[in-house]
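Student: I am new to this structure. Please show it to me, and then let me ask about it.

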Amino acid sequence: MEISVFSTASKAIGNSILGYVSSPAWMNKMITQSIHHPTPPYPHDNIKHYNALGWLFKRCTQLLPTEDRLTLISSTFSQMPCFKLKESAGCLGFYGYGVFLKTMISGWGEVEWHRVFNFLCSFTNLLPKIKMAVTGTPGVSCSLELQLRLFCRQVLLDRWLGKGTLFWLTRILKPWPMVLQARLLFILYGPLMPDGTLAWQGIVEREMSHSDLWDMASVIVLLYSNLDHLTDWTTDTMQTILEELIVLPEVWHMENVARLFVLCGDTVCYSFLANKLHNGQLLEVSRLIVHIILVCKKDGYSMNWVVRMVHQVCQGLDTSERFAFIQRLEDMFSEVTMELIEIVTAGNHHEDMGPFQTLRSLLQSRAHFHAKFLLHMFLQNE
């Protein structure tokens with residue numbers, strides 16, 4: 001940090017220091033040799049090291065045009081395999097570069113941030129790599145998927161909060177049609193298997209935990225909550241992306257769909273359900289609500305939240321539609337119950353108690369929901 005402060009003393013001193021830190025010997029010692037490190041959590045000293053490097057380059061290059069500053073960064077990091085998206089396992093490079101880059105460009109305007117993104121795309125051949133990942137069969141190029149996830153998350157998305165994350169995320173998503181945006185969101189934020197690969201089949205075949213779906217829910221909420229400020233995304237756009245997301249690579253396990261919407265909260269959940277009802281998809285809405293009720297019971301969320309959600313959905317219907325919706329919801333409770341009974345009676349529940357526990361939770365949640373719903377309607381009519 002001391003040398004970075006000293007570089008601001010005069011233009012001549014700054015140029016001398018810049019020449020010194022641009023030398024191959026210095027870069028090899030300070031960057032290349034320290035960039036490879038075992039997997040997270042990363043040592044605090046490494047984070048401090050790359051933060052200090054960011055300040056050093058920020059101050060040394062402050063009199064240079066943006067393009068020249070970015071070119072210098074490129075020459076500094078271009079020889080590392082991880083930055084060519086060729087290898088990244090066990091490498092601190094993406095994380096360290098994320099710390100370095102955030103420090104380097106803090107205080108820059110949005111126009112310059114666009115230049116940074118374009119530079120990164122050119123530097124890493126990012127867009128062709130994304131195209132290869134999102135147009136191929138999910139899971140086939142698992143190493144490429146994970147490299148993209150690590151690069152985008154550790155260099156850009158996870159380094160910033162709120163508006164910063166939103167800027168980088170929309171730059172990454174914008175070049176692609178909605179169906180591929182859904183694929184890309186899964187690659188970036190989808191749940192992982194224990195071996196570190198994306199859970200393309202896991203999310204279809206078995207229920208995932210709250211923590212598995214948290215990152216994806218958070219980024220969906222981020223996009224929804226900023227729709228007023230985004231020109232290329234609307235409520236309808238997000239509806240389409242969500243529709244595509246929950247059938248990747250096939251229709252998800254229904255509890256995973258429900259758990260995602262519970263984690264997304266009121267605005268996203270209501271918007272999705274209301275849109276489906278408006279399009280006449282009563283069956284799908286009823287099945288999703290039944291599983292949301294089940295997930296709330298399993299995960300310990302308040303049943304009052306579901307009751308308010310169902311009541312809010314009903315408010316957008318006329319009287320006949322409302323009765324049809326409630327009847328369809330009751331029928332769906334019975335259908336899902338019978339499906340679980342068939343699974344329990346057909347299987348060996350001495351070895352796998354999961355279906356039996358789910359059936360038990362469903363029956364309890366159904367009773368709890370009805371009691372809360374009736375109380376809510378009674379209080380509304382007083």
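Student: At roughly what angle do the axes of helix α10 and helix α13 cross?

Tutor: This is a predicted model, where local features need pLDDT of at least 70, side-chain atom pairs count only at pLDDT 80 or more, and totals for chains, interfaces and linings use all residues. Residues are numbered from 1 along each chain as its sequence is written, and side-chain values use heavy atoms, without hydrogens and water. Helix α10 spans residues 163–173 and helix α13 residues 210–224. Their axes come within 11 Å and cross at roughly 95°.

Student: Why is α10 called roughly perpendicular to α13?

Tutor: Axes are lines fitted to C-alpha atoms, for helices over the stretch in contact, and angles run from 0 to 180 degrees between N-to-C directions. Angles of 65 to 115 degrees count as roughly perpendicular, under 35 as roughly parallel, over 145 as roughly antiparallel and the rest as oblique. The crossing is roughly 95°, so α10 is roughly perpendicular to α13.

Student: Which residues in α13 do T165, L166, L169, T170 and L173 in α10 meet?

Tutor: Contact means heavy atoms within 4.5 Å. On the α13 side, the partners are V219, L222 and L223.

Student: Is α16 oblique or parallel to α18?

Tutor: Helix α16 covers residues 266–278, and helix α18 covers residues 303–315. Their axes come within 10 Å and cross at roughly 40°. That angle makes α16, relative to α18, oblique.

Student: How many helices are in the chain?

Tutor: Helices are DSSP runs (H or I, at least four residues), and strands (E, at least two) are too, numbered from the N terminus. The chain has zero strands, and its helices number 20.
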